[in-house]
Amino acid sequence: MSVARHLEIACIPGDGIGPEIVAEAKKVLTQVCEKYGHTISYTDVLMGGCSIDAYGVPLTQETIDICKSKQAVLMGSIGGDAATSPWYRLEPSKRPEAGLLAIRKALGLYANLRPAYLFPELAASCPLASKEGGRNFDLIIVRELTGGLYFGERWTKEVDGVTTAVDTLKYNENEIRRIAKTAFEIAQKRRKKVTSVDKANVLDTSRLWRKVVHEVAKDYPDVELNDMLVDNCAMQLVKDPEQFDVIVTENMFGDILSDEASMITGSIGMLSSASLNETSFGLYEPSHGSAPDIAGLGIANPIATVLSAAMMLRYSFNMTKEADDIENAVKKTLHDGYRSVDLMPKDPMEAAGLTKVGCSGMGDAIAARI
């Protein structure tokens with residue numbers, strides 16, 4: 001029996017479906033903590049569009065300070081419809097997503113972990129062409145999160161009478177070494193294979209990336225290292241995702257590839273995410289966005305947020321049994337035929353025998369299987 005603990009968690013429900021899916025993650029966390037005798041206290045804070053509405057900025061210093069004072073952060077999703085929301089008529093530095101970039105920097109969250117696993121029950125939802133024996137992939141993308149193009153100097157101005165925009169891509173060897181070590185250490189606990197993704201045939205930053213990753217690899221002789229260009233990796237994720245174990249890459253490439261990886265699982269609503277600093281502190285959120293078109297309808301899929309909560313227990317609190325219980329409860333729920341609307345097969349024959357549930361219903365079903 002594990003020792004009873006008290007967990008102090010900062011919570012960012014966010015925008016759109018964020019509050020709905022976070023509520024279900026809390027429901028499941030409450031259930032698993034009751035089972036093991038733990039207690040939890042949540043401190044809700046604003047970030048994103050709701051923070052703009054309340055304070056005029058997407059992230060306040062108060063939110064940063066509260067998050068720093070807790071053991072971990074659980075987040076829903078932020079942002080809205082870029083075509084219609086007044087938030088996107090503001091300058092870029094005051095839009096919802098600017099808050100996300102700023103909190104990553106403020107909390108030192110340099111490593112983003114995004115697992116992509118195909119549940120057998122959802123194999124029919126996988127958009128990849130079927131193969132003999134079915135699909136069976138289990139990979140994790142380790143993305144550098146506080147450097148690169150998203151954090152480099154940028155400007156838009158008129159140059160010689162022509163409107164010109166510049167974004168600066170910069171990495172130093174310490175940033176690369178730090179994320180590479182994280183990837184190799186994760187690989188040692190998995191299938192001992194790292195694929196380093198870059199664009200070394202074109203970019204100086206990628207050539208430095210490849211050099212440093214190979215230096216780090218010497219400290220992990222038990223882990224196989226392969227280099228892959230980002231365009232080829234995008235193709236290989238669709239062609240043969242089974243070949244990958246741990247993919248490590250820079251910020252923008254990781255952003256794109258992790259979204260691609262999420263979709264080959266059948267729904268972006270299934271993918272969890274952890275953003276870690278150099279201690280046990282982390283911010284945990286689903287890989288998907290705020291889905292403003294279905295906000296308030298009660299049909300959002302909360303599984304990605306629930307699995308992110310499991311990652312929080314595993315990485316920030318070292319609660320392996322509790323994390324396993326949540327993940328197994330998700331598997332049992334899917335095995336028992338419960339599906340959110342995004343997971344329901346379109347073919348009525350395939351949907352026969354399945355139970356369609358809303359956001360709260362899915363949370364109830366998972367909690368009941370803890």
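Two strands count as paired here if DSSP finds at least two bridges between them. With that in hand, welcome to this structure, which is a predicted model.

## The sheet

Let us start with the strands. Ten of them form an open sheet with mixed pairing, in the order β2-β1-β3-β12-β11-β4-β5-β10-β8-β9. At the edges sit β2 (39–44) and β9 (224–229), each of which pairs on one side only. From one strand to the next, the twist averages 25°. In general, the strands of a sheet pair through backbone hydrogen bonds, in either a parallel or an antiparallel sense.

Which residues of β10 are buried on its two faces? Val-246 and Val-248 are buried on one side, and Ile-247 and Thr-249 are buried on the other, so both faces of the strand are covered.

Ala-274 stands opposite Tyr-284 of β12.

## Helices against the sheet

Another helix to find is α4 (residues 96–106), whose buried residues are Pro-96, Ala-98, Gly-99, Leu-100, Ile-103 and Arg-104. What covers these residues of α4? The cover includes strands β1 (6–14), β3 (72–77), β5 and β12, together with helices α2 and α3. After α4 comes Gly-108, which has a positive phi, near 65°.

One of the buried residues of α4, Arg-104, is also touched by Thr-146. Thr-146 is found in the loop between β5 and β6 (154–159). Is Thr-146 buried or exposed? Its relative accessible area is 7%, and because buried means under 20%, Thr-146 is buried. Leaving aside residues up to four places away in sequence, Thr-146 touches Arg-104, Lys-105, Leu-109, Tyr-110, Phe-151, Glu-175, Arg-178 and Asn-251.

## Salt bridges

Side chains of opposite charge can pair when their charged atoms come close. How many salt bridges does the model have? The count comes to 22.

| Pair | N to O distance |
|---|---|
| Asp-325 and Lys-35 | 2.7 Å |
| Asp-198 and Arg-210 | 2.9 Å |
| Lys-199 and Asp-231 | 2.9 Å |

Take the pair Asp-325 and Lys-35, whose side chains meet in a salt bridge. Asp-325 belongs to helix α10 (residues 320–335) and Lys-35 to helix α1 (residues 18–36), so this pair ties together parts that are 290 residues apart in sequence. Asp-325 counts as buried at 16% relative accessibility, while Lys-35 is partly exposed at 44%.

The salt bridge between Asp-198 and Arg-210 links strand β8 with helix α6 (residues 204–217), the two residues being twelve residues apart. Asp-198 is buried, with 0% relative accessibility, whereas Arg-210 is partly exposed at 25%.

In the pair Lys-199 and Asp-231, Lys-199 lies in the loop between β8 and α6 and Asp-231 lies in helix α7, so parts 32 residues apart in sequence are tied together. Lys-199 counts as buried at 18% relative accessibility, and Asp-231 is partly exposed at 44%.

Salt bridges also form a network, which links Asp-138, Arg-190, Arg-191 and Asp-245.

## A nonpolar patch

Finally, look at the surface. Leu-46, Tyr-55 and Val-57 form a nonpolar patch there, and their accessible area together is about 250 Å². Val-57 is found in the loop between α2 (49–55) and α3 (61–69). Why can Val-57 belong to a patch? Patch residues need over 30% relative accessible area, and Val-57 counts as partly exposed because its relative accessibility is 31%.

Notes
Residues numbered from 1 in each chain as written. Predicted model: local features only at pLDDT ≥ 70, side-chain atom pairs only at ≥ 80, totals over all residues. Heavy atoms only, no water. Patch = residues over 30% accessible without salt bridge, like charges linked within 9 Å, V, L, I, M, F, W, Y side chains within 5 Å. Areas by Shrake-Rupley, 256 points an atom, 1.4 Å probe, with all protein chains shown as cover. Salt bridge = Lys/Arg side-chain N within 4 Å of Asp/Glu carboxyl O. Helix = DSSP H or I, 4+ residues; strand = E, 2+ residues; numbered from the N terminus. Buried < 20%, exposed > 50% of the residue type's maximum accessible area, 1.4 Å probe, protein only. Axes fitted to C-alpha atoms, helices over the stretch in contact; angles between N-to-C directions. Contact = heavy atoms within 4.5 Å.
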